[in-house]
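Colleague: I would like to learn how you read a model like this one, feature by feature. Could you show me the structure and start with a helix?

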Amino acid sequence: MGKEKEGRELIVSRQILSIPQHFSTGPVMGRFLAELRDNKRIMANKCPKCGRHQLPPREVCAICHVEATGWDELPPVGTIRDFDVIYYASPDPLTGETRQVPYVLCWVDLDGTQGDAPFWHLLDVDDLTKVRRGVRVRVVFADDRRGATEDIRHFEIIPDEPIEGGDAR
Amino acid sequence: MTKNRNVAIIGSGMSRFSSHREEVNQPEMIHEAVVEALQDAGVMLDDIDCVLHGNMELFEMVHQPDMWHVIGDGVWGKSGIRLTTGGTTGATLACAADNLVASGLHDAVLAIGFEKLQEGHTTGGITNMADPLWGRSLQTGALTGTGAQKIIDEFGVERARWAAMKYRTIMDEHAMRNPKAHRRLRLERRYIKETAENSPPLAGELRMIHMCSQSDGACAVVFASEEKVRQWKANPAWIVDHETVHREETMIFGSQKNTQRVAAERLFKRTGISNPRQEIDVLEMYDPSAWWGLDWLRDFLLLSGDEAIKMVENDEIAIDGAFPVNPSGGVIASNPIGATALVRVAEAAMQIRGTAGDHQVAKPVRRALASGFGGSLWTVLMLLSKEKPEQGAETHG
Amino acid sequence: MKEEKECAFVIEGKMALPYQYYAGAIGSQFIVALRDDKRILGVRCEKCRKTFVPPRQSCERCFSSLTDHWVEVGSSGVLTGFTVIRYAEPYQPKEPPYVLALIKLDGADTPIAHILECGDARNARIGMRVRAVFSEKPRDTILAISHFEEE
């Protein structure tokens, strides 16, 4: 039914629109996701001209505009470049679930990355004061993987490692 | 690229911005803005030969809404074009309208931007925009604390927090003078510190009070050729030039300069402006949050260090200040996304034409700047002027 | 090349989100009249001499306001066109095959789209007279009319 407004009923149609989707990965993202799923390996591709890594990979180097034909495995450890503490969770349209707040998203420079290709994912942490730029973190893979963002559960702080750069934040 | 002829905005209209427009459906809400725009321009529906329609695609989960909106937007029997580029759609509509009339293809173009966010699902829309193969489930859209942190890192937490809330308060003071604005909170300067502290955090130091609203609303703007301006004896705000910047490098987080600065550098170089703070009289900036407003003010005016933050601290950006910013209240006060960037252009034109009523800036306006902002951090920047540009001036296509 | 193609696969996704659409004041009056009074209302633009069903707030052609220009149209009319839906998709009003028809009600200048129940689809003919069958259950949509049938 609708709301009464000046004595007149206002009709509203409420619908949950559920739309199935199918996305092709193509060979480049396909390889990246397959390596995550099957081998727990993080693969970046590399530009033959400038040597930059791209993570997640894409077919063409964003700077040189040539086919990025190289592939390198990057280690599942790195350094936090920046992070975001989220206090307001929006529901995930794929699952309807809402993450518990606060939660942390981080951008991590995996060891050995050439150029700017920070890896973006969740950071699992109990104590928010432990999260700083320069903190060393490692990937935690999910047991049940299907070639998706969730194949990585989150990053976690590597205990007892010094903060790189000694940044105050 | 050169224009074939000059183009001016001769009228604009807006529906009331609100989060409760249950008494109208989408085409009816747009109709309000269109009727007002035609009246303001002093033209009839028959005088318009093309209608450009846009919004943030699928935010209301209606595909090709322009087909439905024919019953209210006046496009029946005319050329109709639909355009959508995300949050910048409104400004892109203005650029496209300018191009269409400048080309000679149309003499009078009606650009319409709208959004009925109460009917839609903003998060779903933003998630829809994200890469479906990677990261979609991590996407938070504009809710990020990184913009605030950048200012805090540079100026220290006390100064930064104060400036952000002062900016927010000034925006609200402006909104209080704009009867169309959505959120008019009567924020008081003496409570700046407490208001910020008591506002719930969204992400990092970005708090609810800093953040833009989700609004229902439509904006319609009439663009006309110089011949039509003469024929109709219209009151014009001339489009000088516009620039759109969408950069991979800016999205590779934090390592490159903002698209706002790149856009400003390119636009001012082309239009021969060397000191924007002196040579431009008012800025209608797409500011999704007070923190970004602080950051991009510096970029748009090609300033450095704390020059921009001082403009906030010293009230220069207030409506009676030396360089007013968002006399309409800006995006924090009203954000019907598909319309929002077009509203910036319309408000800039109103300042030039002298039709902004209670939120007309105190100083005379010769040049106005309007910006649009979109999801992948991109910028659309448009320069308008009271004087007609030289025929055949260099511009961007 | 072959190895590359073997790496490509398909990711299944879904978007399931709640939306709400307001009929507006005019649209609401139309629905309420269908639902509660079993009356079909339109609005008339005197300038263009057109009666629009379903009603809308303004005339799309001359922009006249139509808010107080209600007319009641008949619940019977003429079939002006139809198509037979044979494929199954989510969100259909009924299981295919069914006839989706355009019906110009007596007094209206615009046809409305609705379902025609006529037994076999081959019974549908342009020009046939049809009448509305209202829904037993109260509905807040065009399905307050359940379907049309031959008069």
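Modeller: Gladly, and keep in mind that this is a predicted model. Let us begin with α4 of chain B, residues 89-103. This helix has 15 residues and reaches 20 Å from its first C-alpha to its last, close to the 21 Å expected at 1.5 Å a residue.

Colleague: Is α4(B) largely enclosed or left open by the rest of the structure?

Modeller: An α-helix has 3.6 residues a turn, so residues three or four places apart point the same way. In this case 14 of the 15 residues of α4(B) are buried, so the helix is largely enclosed by the rest of the structure. A residue is called buried here if 20 or more other C-beta atoms lie within 10 Å of its own.

Colleague: And which residue follows α4(B)?

Modeller: B:Gly104 comes next, and its phi is positive, near 100 degrees.

Colleague: Let us turn to sheets. What is the order of the nine strands in the open sheet of chain B?

Modeller: First the general idea. Strands of a sheet pair through backbone hydrogen bonds, either parallel or antiparallel. The chain B sheet has mixed pairing, and its order is β3-β2-β4-β7-β1-β8-β11-β10-β9. At its edges stand β3 (79-83) and β9 (282-284) of chain B, each with a single partner strand, so one side of each lacks a neighbour in the sheet. On average, neighbouring strands of this sheet are turned by 25 degrees against each other, direction ignored.

Colleague: How many bridges join β1 to β8 in chain B?

Modeller: Two bridges join β1 (residues 7-14) to β8 (residues 237-245) of chain B, and these strands run antiparallel. Within this pair, B:Ile9 stands opposite B:Ala237 in β8(B).

Colleague: Which strands does helix α1 of chain B lie across?

Modeller: Helix α1(B), residues 26-41, lies across β1, β4 (108-116) and β7 (216-225) of chain B, and it runs at about 130 degrees to β1(B). Helix α11(B), residues 259-271, also packs on the sheet, where it touches β8 and β11 (378-385) of chain B. The direction of α11(B) makes about 135 degrees with that of β8(B).

Colleague: Now chain A. How many helices and strands are there in chain A?

Modeller: Chain A has one helix and 11 strands, and along the sequence they follow the pattern β-β-β-α-β-β-β-β-β-β-β-β. For overall dimensions, look at the radius of gyration: chain A has 21 Å, whereas a compact globule of 169 residues would have one near 15 Å. Its C-alpha atoms fill a box of roughly 70 × 40 × 35 Å along the principal axes. Of the 169 residues of chain A, 31% count as buried.

Colleague: What is the order of the three-stranded open sheet in chain A?

Modeller: The order is β5-β4-β6, with antiparallel pairing. β5 (53-54) and β6 (70-74) of chain A are at the edges with a single partner strand each, so one side of each is left without a neighbour in the sheet. Strand β4(A), residues 42-46, pairs with β6(A) over five bridges, and A:Lys46 has A:Gly70 of β6(A) as its bridge partner.

Colleague: How should I read the contact between chains A and C?

Modeller: In general, the size of an interface is often given as the accessible area lost when the parts come together. Here we can count residues: 29 of chain A are in contact with 26 of chain C. The largest share of the chain A side, 13 residues, comes from β3(A). That side divides into 13 nonpolar, 12 polar and four charged residues. β3(A) also pairs with β1(C), residues 10-22, in the antiparallel sense over 13 bridges, and the bridge partner of A:Ile16 in β1(C) is C:Pro18.

Colleague: And how many residues do chains B and A each give to their contact?

Modeller: Chain B gives 28 residues and chain A gives 32. On the chain B side, α5 (122-129), α6 (146-155) and β5 (201-203) each give two or more residues. The chain B side holds 11 nonpolar, 12 polar and five charged residues.

Colleague: Which residues does B:Pro201 touch?

Modeller: B:Pro201, in strand β5 of chain B, touches A:Tyr87 and B:Arg207, leaving aside residues up to four places away in sequence. B:Pro201 is partly exposed, with 18 other C-beta atoms within 10 Å.

Technical notes. Residues are numbered from 1 along each chain as its sequence is written. Chains are lettered from A and ligands numbered from 1 in the order in which they are written. This is a predicted model: local features need pLDDT of at least 70, side-chain atom pairs count only at pLDDT 80 or more; totals for chains, interfaces and linings use all residues. Two residues are in contact if their C-beta atoms, placed from the backbone, lie within 7 Å. Helices (H or I, at least four residues) and strands (E, at least two) are DSSP runs, numbered from the N terminus. Ala, Val, Leu, Ile, Met, Phe, Trp, Tyr, Cys and Pro count as nonpolar, Asp, Glu, Lys and Arg as charged, and the others, Gly among them, as polar. Two strands pair if DSSP finds at least two bridges between them. The expected span of a helix is 1.5 Å times one less than its number of residues. A residue is buried if 20 or more other C-beta atoms lie within 10 Å of its own, exposed if 12 or fewer, and partly exposed in between; C-beta atoms are placed from the backbone. Axes are lines fitted to C-alpha atoms, for helices over the stretch in contact, and angles run from 0 to 180 degrees between N-to-C directions. The radius of gyration is taken over C-alpha atoms; the globule rule is 2.2 Å times the number of residues to the power 0.38.
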